[in-house]
Amino acid sequence: MKSLEELKAIRDKMKNQVGIRAEDEHQTRVVVGMATCGIASGARPVLTALSNAVQEKDLSNVMVTQTGCIGLCQYEPIVEVMEPGKEKVTYVKMNPDKAMEVVEQHLIGGKVVVKYTLAQEDIK
Amino acid sequence: MFRSHVLVCGGTGCTSSGSAEIIKKLEEEVKKNGLENEVGVVRTGCFGLCALGPIMIVYPEATFYSMVKVEDIPEIVSEHLLKGRPVKRLLYDETVTETGVKSLGDTDFYKKQHRVALRNCGVINPENIEEYIGTNGYAALGKVLTEMTPDDVIQTLLDSGLRGRGGGGFPTGLKWKLAKGNDADQKYVCCNADEGDPGAFMDRSVLEGDPHAVLEAMAIAGYAIGASQGYIYVRAEYPIAVQRLQIAISQAREYGLLGKNIFESGFDFDIDLRLGAGAFVCGEETALMTSIEGNRGEPRPRPPFPAQKGLFGKPTILNNVETYANIPQIILNGAEWFASMGTEKSKGTKVFALGGKINNTGLVEIPMGTTLREVIEEIGGGIPNGKKFKAAQTGGPSGGCIPAEHFDIPIDYDNLISIGSMMGSGGLIVMDEDDCMVDIAKFFLEFTVDESCGKCTPCRIGTKRMLEILNKITDGQATMEDLDKLEELCYYIKENSLCGLGQTAPNPVLSTLKFFRKEYEAHILDKKCPAGVCKALLSYSIDPEKCRGCTLCSRVCPNNAITGTLKEPHVIDTTKCVKCGACMEKCRFGAISRK
C-alpha cells in the first residue's frame, strides 16, 4: 500500500461487513420468515438478496435478520420491515426481485411499496 | 457477502474451554446446511466474560450464547442460523427477559464498561488486517504521517493525560518527549508484553484480540521520537498472542504499513518480536531491555533512564501493551475526548482482569474513577455463595489489599497509592471471608522469593527472611517481636532494593498489616487462624451429640486418624490428623467442626 486512498478503499470495503457487528436500537429491522413454510416457498434467496443489497448499498441503519413462522404460511415468503417509531409493514409472497424494489423504494426512499403488502391481499 | 456473522471467542480462556473444536464443528455444520455463502464464522479475541466461556455471538441480532458445547452446534445452526429461532436454553441468562432478548449492552456486565483499549476485542478477526482497517485501523498512523509533526503527536499525548498502564503511571507523553529530546543515530521503541502478575491477563487479551492496534501505536511512537525499529517483548507462555502478533506483523509488512517509506512519507519503521522465558523480573524495564540485548534478564540502576541510554545504549521508550492500545484512538478522536473520561489526574479507562471470589471472572474496561463497589457488585456480579467481601488485591505482588472500608473508593492511580496499594497492571483479585490475609501475603512473598533475580542483597535475602517469618506466623510459632522485625524488614527492603521488584515486594505484607493487623495478632497471640485457612492452627473435632456412627469419616480419612465402632460416636486422634478436611466434607450430619 502506498497511499491513504488505498487505505480508505480497504476501509470502505470492510466497513459494511464489520458494521454488521454493531448494536443500535435505532436501526430499522428487516425480518424474513424462515420457518419450514418460508424456506419451502423460497425465503432463502429473498433473505440473501436483502442482506447483500443492504451491505452493498451501505445502509448501515438497517439490520436484516430472520425469524420463525409468522403464522400466515400461505403468504410466505413474508418480509416485515420495522422502523423505530413507525407501524410494522408486512410484505407477502416475496421474491428476490420484489425484495429489491422494497430496498429501493422503502428502505432507501422511505415509501412503502403498497402493492406487495399484506393489506392488499384479500384475506377472508 | 455474509448476512450473518457468528463470532466465537478465540482468546486463551475460551480456547482452553474448547472453542477451537466449536469453530471446527460450526464450520462443518454451516456447510452441511448449505449456509457457507450466507453465514461467516469469525474467530475473535476475548469478549471479557471468561467465566461463561466458550462464548459465541450471532450478528446482526447480537445473540449471546454462553457455555456452548460441541453437541449444541447442530441445533444452533439448524434452528438459529437457518430458521432464525435462537436456542433459548443456551442464551446468557442476563440477556433473557420476559418479553424477549435484552441487548448485550444493557446487561450488568457490559452496561458500566467503556471500551477503548478493548474496543476491537471480540469484534474483529485479529488475524485479518482488513477487518482492523475496516474499524478505522491504521487511519491514526496515516493522519500522523501526513498531517502532524512529531511535536504535535507528543503534545496530543501530553494533553490527553495518558499515563502508563503497566503500573507506574508515568505520563506517556512526557516519556516520549524525553526520548525525542535525546539525539542519537538510532533510537528504539519497545513494547512490554511480559505480563507476569498472578491473575492478570489484560495485555494478553489485547494482543490476542487486537494486535494491529499495538503495531500501529508503536509506529506512531517511532515517528514521534525518531526511531525506526521496534521490539515487542512478549512472554513465551502466551502462544496464541505470539502467533497472532507474528501474523499481524507479516500482514502489516505485506500491506506496506510496516517497512520502508510508509505512506510515501519517507518514514521507515519495522517491528520484531522477542520472546521472554518467563522470568517475572523481565517485566521491569531495565531487565527487559537487558534481555532483548541477549543477556541474562537482570535490572540495572537508573539513571541513566531508558530515554537517555536504553536498549543497546540508545535512547529508548518502553510502554505497556494497554498504553499503546489507547494511542490510535487518542490520535483519531483528540486529546479532549480522552481527557473527558476519568478523574482529574487519571484520564481515560483502565482494563482490569477480575479473578478470585467473584461471579463474573473475566476482563472489564471501566472509566477511571469507577468505584470498587461498582466493579465488584455490579459488573462483577458480586461474590459467589452469598459470602461477605473482605478485600480486593490490586497490583499483584507489587500491590496491596483494599479492605471493605474502602469499598467506595474511586479507582485511580493516586487513590490507590494513598491507601497503600497500587494500580499495577490491572489484576484485581477478590477475597471473601474465607481467605486468610496472612496466607495471601505469604502467597505473594513466595512468588517474589521465587522470582527475585538475586542481583541485589535486600531483595534476594530480605524477601527470603520475610517469608520465613510469615511461615512462622502461619505455623503458630511466631512472637510479637517477629512481627516488629517483619515490619522493619519491609521498610528496609523497600528503600534499598535495586529495582521495582524488590522495592514493591513488601507491599502485600505492609498493606495487610495496615488493614488486617488483628489477623496477624490472632495467629501469634491466640494461635488461631480466624478464616480457617492456616492448617497448623486448625483442629478438627467430632461432636458426639451429632455423630451417628455411620463410619463414613473413618473410611475417607487418609491417615486412619478417626476411630469408632458402628452406630457409636467417632473420635479424631489429633496427633494423627493431617487436617485435610476430607471427613468434614463427607459427614452428612454436620458433626465435624474445624476451629
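**Stop 1: the domains of chain B**

Colour chain B by domain: domain 1 (4–105), domain 2 (129–339), domain 3 (349–432), domain 4 (437–525) and domain 5 (539–594). The bounds come from an automatic or database domain assignment. This is a predicted model, in which local features need pLDDT of at least 70, side-chain atom pairs count only at pLDDT 80 or more, and totals for chains, interfaces and linings use all residues. Residues are numbered from 1 along each chain as its sequence is written, while chains are lettered from A and ligands numbered from 1 in the order in which they are written.

Select domain 3 and domain 4 of chain B. Their centres, taken over C-alpha atoms, are separated by 22 Å. Across the boundary, 11 residues of domain 3 of chain B are in contact with 15 residues of domain 4 of chain B. Contact here puts the C-beta atoms of two residues, placed from the backbone, within 7 Å.

Now show the side of domain 3 of chain B that touches domain 4 of chain B. β14 (389–394) and β15 (400–403) of chain B each supply at least two residues to that side. β15(B) gives the largest share, 3 residues. Helices (H or I, at least four residues) and strands (E, at least two) are DSSP runs, numbered from the N terminus. That side of domain 3 holds 5 nonpolar, 6 polar and no charged residues. Nonpolar covers Ala, Val, Leu, Ile, Met, Phe, Trp, Tyr, Cys and Pro; charged covers Asp, Glu, Lys and Arg; the others, Gly among them, are polar.

**Stop 2: chain A**

Switch to chain A. Its C-alpha atoms fill a box of roughly 65 × 30 × 25 Å along the principal axes. Chain A has 4 helices and 4 strands. From the N terminus on, the order is α-β-α-α-β-β-β-α. Of its 124 residues, 37% count as buried. Buried means 20 or more other C-beta atoms within 10 Å of the residue's own, exposed means 12 or fewer, and partly exposed is in between, with C-beta atoms placed from the backbone.

Select the strands of chain A. The 4 strands form an open sheet in the order β2-β1-β3-β4, with mixed pairing. Strands pair if DSSP finds at least two bridges between them. β2 (62–67) and β4 (89–91) of chain A stand at the edges with a single partner strand each, so one side of each has no neighbour in the sheet. Neighbouring strands in this sheet are turned by 20 degrees against each other on average, direction ignored.

Zoom in on β1 (residues 28–33) and β3 (residues 79–82) of chain A. These strands run antiparallel and are joined by 4 bridges. Pick V31(A): its bridge partner in β3(A) is E80(A).

Helix α3 (residues 43–56) of chain A lies across β1, β2 and β3 of chain A, at about 160 degrees to β1(A). Helix α4 (residues 96–108) of chain A lies across β1, β2, β3 and β4 of chain A, at about 15 degrees to β3(A). Axes are lines fitted to C-alpha atoms, for helices over the stretch in contact, and angles run from 0 to 180 degrees between N-to-C directions.

**Stop 3: where the chains meet**

Show both chains. 28 residues of chain A are in contact with 33 residues of chain B. On the chain A side, α1 (4–19), α3 and β2 give two or more residues each. α1(A) gives the most, 8 residues. That side of chain A divides into 12 nonpolar, 10 polar and 6 charged residues.

Next, select helix α6 (residues 139–147) of chain B. A140(B), L141(B), G142(B), V144(B) and L145(B) are buried there. Their cover includes α1 of chain A, along with α7 (150–160), α10 (211–225), β9 (259–262), β10 (267–276) and α13 (321–333) of chain B.

**Stop 4: the cores**

A nonpolar core is a set of buried Ala, Val, Leu, Ile, Met, Phe, Trp, Tyr and Cys residues joined through C-beta atoms within 7 Å. The largest has 207 residues; L50(A), V79(A), C190(B), V214(B), M218(B) and I220(B) touch the most other members. α10(B) provides the largest share of this core, 11 residues. Apart from it lies another core, of 12 residues, including I542(B), A561(B), I572(B) and C583(B).

**Stop 5: L7(B)**

Finish on L7(B), in strand β1 (residues 4–9) of chain B. Why is L7(B) buried? Because 24 other C-beta atoms lie within 10 Å of L7(B). Beyond four places in sequence, its contacts are R21(A), V42(B), T44(B), M56(B), I57(B), Y59(B) and G122(B). Check one distance: the C-alpha atoms of L7(B) and V58(B) are 6.3 Å apart, across 51 residues along the chain.
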